[in-house]
Each structure stands twice: as structure tokens, then as C-alpha cells.
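Thanks for passing this one along.

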Amino acid sequence: MAQMTMVQAIRSAMDVMMEKNPDVIVLGEDVGYFGGVFRCTDGLQRKYGEHRVIDAPIAEGGIIGAAIGMAVNGLKPVAEIQFADYIYPGFDQVVSELARIRYRTGGDFDAPVTIRTPCGGGIRGGQTHSQSPEGIFTHVSGIKTVMPSNPYDAKGLLISAIESPDPVVFFEPKRIYHGPFDGDPDKPALSWSNHPKGEVPEDYYTVPLSKADIVTAGEDLTIVTYGTIVHVARAAAELAGVNAEIIDVRTLMPLDIDTIAESVCRTGRCLIAHEATRFSGYGAELTASIQEACFYYLEAPIERVTGWDTPYPHAFEWKYFPGQKRVAAGIRKVMEAG
Amino acid sequence: MTKKSRLHIPHPAARPGEEPDFSYLQLEPAGAHARPPIDARTRELDELSTGLIRVLDDEHKAVGPWDPDIDAAELQRALRWMLLTRVFDERMWQAQRQGRISFYVQSLGEEAVSIGQGMALRPGDMCFPSYRSQALFLYRGTKLVDLMSQCLSNTRDMCKGRQMPIMYHSRDGNIFSVSGNLATQYPHAVGWAMAAAIKGEDHVATSWLGDGSTAEADFHHALTFAAVYQAPVILNVVNNQWAISTFQGFAGGERRPFAARGLGLGIPGIRVDGNDVLAVYAVTLWAAERARRGGGPTLIEHVTYRGGAHSTSDDPSKYRPKDEWAAFPLGDPIDRLKDHLIAIGHWSEDKHQALRDELKEEVSAAWKVAQTYGTMTEGPWLDPSEMFDDVFAETPPHLEAQRRQLLELEEED
């Protein structure tokens, strides 16, 4: 075991897989010589050469389209899109091509591409460096969508993603790259070194792309969340003085509804929290799926705490971000209802 | 991959620790090219896209048929704008390093592009800027205090706190909103120019992007539309050699100049010394007149060098030689204009220093004023409930509900 940040864990996942499988290659803007703007690929080009860690032109559609072609020709590309906010020029390649290749060829072709991309706010990035577009991708049939909340899961899930026969869009919440963040920007930043999930094996292991994780067991209500907000939810539950069961969805598509439904049917109360906008957000799907599975067990309406339905405003980052107080207010509302 | 890879990987001429080498640039002396008539047929203009238009020669004299013959007073004003931009950039860079603003992008070494082009365009011509076009905002009348206030996201911020620093716009100055995404402005410029043509106006649209951004699909969309409709637009590629850590070869600049990108579509290209403000002015005037007379689009490549980091978020010494800019054969655009003015007897080193001192004071004074409208740590503050405005022209009920929710949370504090 080693202590790793999320950046190091993600790098380690690619390192392990490149070592293990010569077909795994990495491509993206600034990923090679420079090692990536967030350093996730630092050292990989020196170790594996510039033919396997490839600097790309600034063309997200080109990166994803070329990755599809490489995958069709037998490679296992791990493409980095520098910010999730920059992924849209590649969206046609994801939706119309990547997601459907196996289906439309009756299983004759496939394109197991992994797309890694940093997402989320909290770094003063304004509307073009803060978005959480995961819900747009879970809406597309044929791609798996993942968002880890800690280094251990990040490495295990990324290895599973690279090994997956299906394309995976892998969102990395950049605010927690270097430490867990409980939603209070005025507190000194924490590091992963004191966190149990900062303990990461240096070798190969996987976390399956099919299982949600019960982060904290509890009985008052179930909080269903993922990414940065997992850490916010823990602090918010403490603030609200409740014994919450917190579930980290981890893999958004396909969704592990069984783990979630079992919990919600037991607690009878459910809060969903994510950083992305609310309307048609991933929380809406969670709400519907949980309602279908747990309706007769629910003692209160399912509550959602999310980013507001506006672009991410630079000056009001912490008014926009669904922090502890907003999540705690949501918890109280769920607890007081019914 | 058991066999040896045959993939071509572009390599920059020099990485950290190596000697800078610009032998790939293909330079030509000032005055080497004729200035074709405005209505020349496109196929007669091919050499402009592979050559290099320069006016200022090695003795700092303006020579050749592209010399725009600008009077000395006007050139002194150009120098002032360029120097103001540099001093402003220096101050804002420092402000970011002091934690006063969250992010910054300077235009160090590229000031001649915005100023030379600003001078050549008419006020009614519309600009679709990149994030390194700050000099254009200054030239077109945006006050220092307003640019600074935008960077501070304060109560005077033109973007009402909604954008990262440097994402300016100027409705009165006819400059569209800077986007954080790359190349998106290029098709906008073409569409604006198409509208001008539809409306029968003689305005011209212009846009800018970097060498790296030419890889984006929007660059190619823009060129196609511009060519198909012969839109009155000037499309500029500011080739500053570097896109964060990747050199211009990663945008396909290894074999043919960016100016030649439009030739296959019949768009004339001009490759110009981007650090020669006279040459930039001259080619822009030529392209603008051609567009105004129905001659369609022109693609201009400005050969320049990104003198600083890409932004406050990267350290260029990690991916290119530290002294590379000093070795750049086209020099520093401000020094070159200064030396020209001295050579023709209309400037001196003393005057230059005095101007620099004066501009520093002007910038410092503006910075003090800007901060009175609020900083990241001190009020006055923008009203957070206004973040729900302008998502739609009329705020729909679900956003009004969210606004009320925010206000209730604020009251609890």
C-alpha cells in the first residue's frame, strides 16, 4: 500500500495498465511531454515513450474520433479531455459513434475507449472550467459513466474502465484531486494522506463498474451522492445531527439500484445531492428509479440538493456550490416531512 | 504493439536545456513581396500565404510596397497602446500572483497584432476576439478600470461576476464576448459578416485564434462558410508558436504555413510578420478593403511568439527553453516600433522610459480605483441573488424558486 492523491492514483491506474497491456495508449492535449495540466499523466511518456503517450492537437472531436479508430484497430485508448467543459466538440463522436458502434454493427465492431476528464467546480474556474455534465452522458445509451470520490476507487474504477469492453466516460472531480473537500472553502485544505481511501495498492486491482459503495452506514435517512459531494454530505449529516447512510454511486451508468433501494427501503427517507444543475440532472433519474423501487417504503418525498440551474458564476462559486448548509437544510426537510 | 511504431510524432526544435532554434521559421527580408491590387484574383495571391510580409527592415526603416506610410504621431500613439497593454498585463499578472485575482492571461510579445489591426479596422467593423486580444479592448475604448473590474468580478464588472478574468466584451466597442472554449468565435465572425452582406452593409468582421486552435473543427467550419458565401471577414491565426506545451507542429504547422490553410477553399492567405505593427496594419487594411468591395474573406497568419506562459496556470520553463523568446528572430514588437521611431528621428530612449513610467502610474491609479468597486476579499459585493438573472430574458418560475431558496439560506447566516 502507498499513500496517493487522486492524481497519483489515476496515474498509477494508467501506469499499471500500460505495463500490463501493450495495447493501452494515452492521448490528449498536453498529456505527453508536459504530463497533463493536472499532472495525471506526468512521467508516463518518459516511461512508455511518445508513441504510447501521445500529445494531441487541440481538437476534442479529433481526439475522441481518432480514439475510436484506434480502438477499432485493436488498441485500448485512454483519451484525456483537458476539462469536461471542453468535451462538447467531441459530443457527436461520443453520442452518434462511440455509444452505438457495437449495437449498429450487430456486435461485429466495438470501440472500447476510455475518456477521462476533470469536472466540477471549486477552483475558481468560472463557467468554462467548472461544469458537471455527467447527466448528459448517462442519458446516452451505450456508454458507461463513472465518477469516483477518492483515490482508492479512482484507481480501481479506472482500471475497470480501461478493461471494459464498453466505452467509458470517466469524470474526475478536480476539486478533490489533492484532498477530500467537505464544502467549506474557508477551512485549510485537507490532504489524502490522512484519509483511509488515500491508501492505494501500487499494483493491479479493480473496483467493479457495477457497485455503489455504502460510505457510512446509518438509519435516519439515505443520502445518495457521488464525486465531491460525498465528502460534503458527511459533513452536512454531522451538521444536521442525523445518523445518515451515505451511498457513493461511483458508477452512474449502469446504476446499482439494488444497493440504493435496499437502503432507502430500510431508512424510508432519501436525499439526493450532486453538484450538477438540477433540471433533467442525474438526480432526476435517481429520484425516479428510487421512487419506483421504494414508493411504499417512503415516509417523505425524495429531496434533491444540486447546483442551481444557471451557468457556474465565477463570483458566486460558493453560493452556487451545494455546500454543507444547503445539504443540511435538505436533510432537515426530509427528516421533518411526513 | 509488438513491432516498432512507425507513427510520426512532431518534435519542437528545442526543449528545456537545449539551444533555441528557429531555423524552421522561413523568414524573408522586409519588402520582398509586391502588394497586389485589392481586386486581384485569388489564384494570383498564393505566394502571399507562403512568403512573409514585412515592412520594418533590420535597420528599423520602413521599406517596400507594403509600407503603409503612417505619420510619426500616429505611430507614437500605436506605441503608447502597445506599451499600455504590456504594463497593464504586468500589473494584472502580479495581481494574480498576489492572490488578488483568480487567473490571468497576458499578451506579452503579441501586442502588435491587436493594435495594428485595431488601427486598420473601422469602428463599425465587428471583432470576435480570442482570450489574448486585450489590447484591442483598450484600443477600442474600454477603460482600464473596466477591464480590471472584470478580472476582479466586482460591482463594476461588465459580466456581473459571471465570468473568469479576461473574458471581456464591449458592446459599445463592437467586440464580442471572449469565450473560454477555443475557436468558437470563428464561425460567429463569419455569420456576422454574412449578416452584414445580407443587410447590404459594408462592415467587415474579424476574428482571432491561436495556431493550436486551428485544429478545432470550428476553424474549418468558419473557413468553409466564409469561402462558400464569400463573407466579408478577416480570419486571423496568431501563430505564437506554442499552445500551452505543444508547439505549432501539433496543429499541423510543420510543412505548410497556417496562412495556406484556406487555399484549397479559394481563400487568399497572407503570412505576415506579427511583430511588425506596420506590416500587420498594412495587410489588414488590404484585406478589409478587399472584403468591403465584395472580394470575400482573407486568412492572415501573424508570425509571432508567446513571450510568457500560456496563462497563470502553467510554467513554460517545463516545456520550452527559458531563453527562447530572446532568440526569436522577429524580436519584440514594442522594441521594433520604438527602434523605428528612433531611427526616423521621432522618439528616444528617454522618451520611451518616460512613457513607460507615465503608463505605470496610469495603470496603478486605475488599479486603485478598480479595487474600490470590490475585490475578492473586500466589498462592496455583488448581490448573489442576481446570479439567476439573464439565464433567460424573463426568469422562469423554477429559477425564481431557486432564487428564493438562496435568499432564505442567506438570511439564516
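Which residues touch the most other members of the largest nonpolar core?

1. Please keep in mind that we are looking at a predicted model. To take up the opening question, the largest nonpolar core has 214 residues. Those that touch the most other members are A:Ile223, A:Ala233 and A:Ile331 from chain A, together with B:Met82, B:Ala193, B:Val233 and B:Val283 from chain B.

2. Leaving aside residues up to four places away in sequence, B:Ala193 touches B:Val204, B:Ala205, B:Ala231, B:Pro232 and B:Val233. Of these partners, B:Val233 is itself one of the residues listed above for touching the most other core members.

3. As general background, nonpolar side chains in soluble globular proteins tend to be buried together.

4. Next, the contact between the two chains: 36 residues of chain A meet 40 residues of chain B. On the chain A side, at least two residues each come from helix 3 (60-72), helix 11 (317-320) and helix 12 (324-336). Helix 12 of chain A gives the most, with three residues. By residue type, the side of chain A that touches chain B divides into 17 nonpolar, 10 polar and nine charged.

5. Within chain B, have a look at how helix 5 (residues 144-152) packs on helix 11 (residues 349-371): the angle is about 50° and the axes are 9 Å apart. Helix 5 of chain B is therefore oblique to helix 11 of chain B, and their crossing is right-handed. Helix 5 of chain B contributes B:Leu144, B:Val145, B:Met148, B:Ser149 and B:Leu152 to the contact, while helix 11 of chain B brings B:Val363, B:Ala366, B:Trp367, B:Val369 and B:Ala370. The tally for this contact is nine nonpolar residues, one polar and no charged.

6. My last stop is B:Leu265, in the loop between strand 5 (246-247) and strand 6 (269-273) of chain B. Is B:Leu265 buried, exposed or partly exposed? B:Leu265 counts as partly exposed because it has 16 C-beta neighbours inside 10 Å, where being buried would take 20 or more. Setting aside residues up to four places away in sequence, B:Leu265 touches B:Leu223, B:Thr224 and B:Ala227.

Key. Residues numbered from 1 in each chain as written. Chains lettered and ligands numbered in written order. Predicted model: local features only at pLDDT ≥ 70, side-chain atom pairs only at ≥ 80, totals over all residues. Axes fitted to C-alpha atoms, helices over the stretch in contact; angles between N-to-C directions. Helix = DSSP H or I, 4+ residues; strand = E, 2+ residues; numbered from the N terminus. Parallel < 35°, antiparallel > 145°, perpendicular 65-115°, else oblique. Left-handed = near helix turned anticlockwise from the far one by under 90°. Contact = placed C-beta atoms within 7 Å. Nonpolar A, V, L, I, M, F, W, Y, C, P; charged D, E, K, R; others polar. Buried ≥ 20, exposed ≤ 12 C-beta atoms within 10 Å, placed from the backbone. Core = buried A, V, L, I, M, F, W, Y, C linked by C-beta atoms within 7 Å.
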